[in-house]
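Work through the exercises below with the model open. Each task is followed by a stepwise solution.

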Amino acid sequence: MIPDRACLRRCAHQNNLNLPQELEDWLLIHFEDEPYEDFNTASVLEDIVCMYCQSYDRGKLDVTIPDPLTRFKERCEDLKDLIMDLRVDVAYLQDLCDHYEQILREHGLL
């Protein structure tokens with residue numbers, strides 16, 4: 001799920017939080033691409049948006065938007081990390097599959 005302006009505004013409104021334009025713009029950039037490692041449901045996204053709104057109100061959130069090239073480089077690094085994680089997952093699942101195939105062969109089921 002990639003949040004849009006309506007989603008962010010609804011979240012802020014439902015939780016009685018301040019959502020100035022610069023924070024809204026930063027959130028849109030921050031969540032512009034999937035996948036996200038931090039959440040996978042709308043309720044978790046809402047909690048994260050609330051956390052950012054509260055941090056902003058306390059003056060503890062820098063909402064400076066990086067230039068497009070910097071954002072692109074960060075996205076590339078994130079995707080490289082995701083690929084490495086997925087390779088580990090694939091290797092684990094392949095080992096598990098091989099183990100179960102061996103059990104099936106031992107019992108004449110394959």
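**Exercise 1.** Classify Cys 97 and Cys 53 as buried, partly exposed or exposed.

*Solution.* This is a predicted model, and the values are computed from it. Buried means under 20% relative accessible area, and exposed means over 50%. Cys 97 has a relative accessible area of 35%. That value falls in between, so Cys 97 is partly exposed. Cys 53 has a relative accessible area of 0%. Cys 53 is therefore buried.

**Exercise 2.** Determine how many disulfides the structure has, then check Cys 53.

*Solution.* Searching the whole structure gives 0 disulfides. Now take Cys 53: its nearest cysteine sulfur belongs to Cys 50, 6.3 Å away. The cut-off for a disulfide is within 2.5 Å. Cys 53 is thus in no disulfide. In general, a disulfide is a covalent bond between the sulfur atoms of two cysteines.

**Exercise 3.** Find the aromatic pairs and describe the one formed by Trp 26 and Tyr 52.

*Solution.* Start with the count: there are 2 aromatic pairs. For Trp 26 and Tyr 52, the distance is 5.0 Å centre to centre. The angle between the planes is 80°. Planes over 60 degrees apart count as edge-to-face, and this pair is edge-to-face. Trp 26 sits in helix H2 and Tyr 52 in helix H3, so the pair ties together parts 26 residues apart in sequence. Both residues are buried.

**Exercise 4.** List the buried residues of helix H2 and name the helices they pack against.

*Solution.* Helix H2 spans residues 21-30. Its buried residues are Leu 23, Glu 24, Trp 26, Leu 27 and Leu 28. These residues pack against helix H1 (5-14) and against H3.

**Exercise 5.** Locate Ser 55, classify its burial and give its contacts.

*Solution.* Ser 55 is part of helix H3, residues 42-57. Its relative accessibility is 14%, so Ser 55 counts as buried. Leave out residues up to four places away in sequence; Ser 55 then touches Lys 60 and Leu 61.

Technical notes
Residues numbered from 1 in each chain as written. Predicted model: local features only at pLDDT ≥ 70, side-chain atom pairs only at ≥ 80, totals over all residues. Heavy atoms only, no water. Helix = DSSP H or I, 4+ residues; strand = E, 2+ residues; numbered from the N terminus. Buried < 20%, exposed > 50% of the residue type's maximum accessible area, 1.4 Å probe, protein only. Contact = heavy atoms within 4.5 Å. Phe/Tyr/Trp six-rings, centres within 6.5 Å; stacked < 30°, edge-to-face > 60°.
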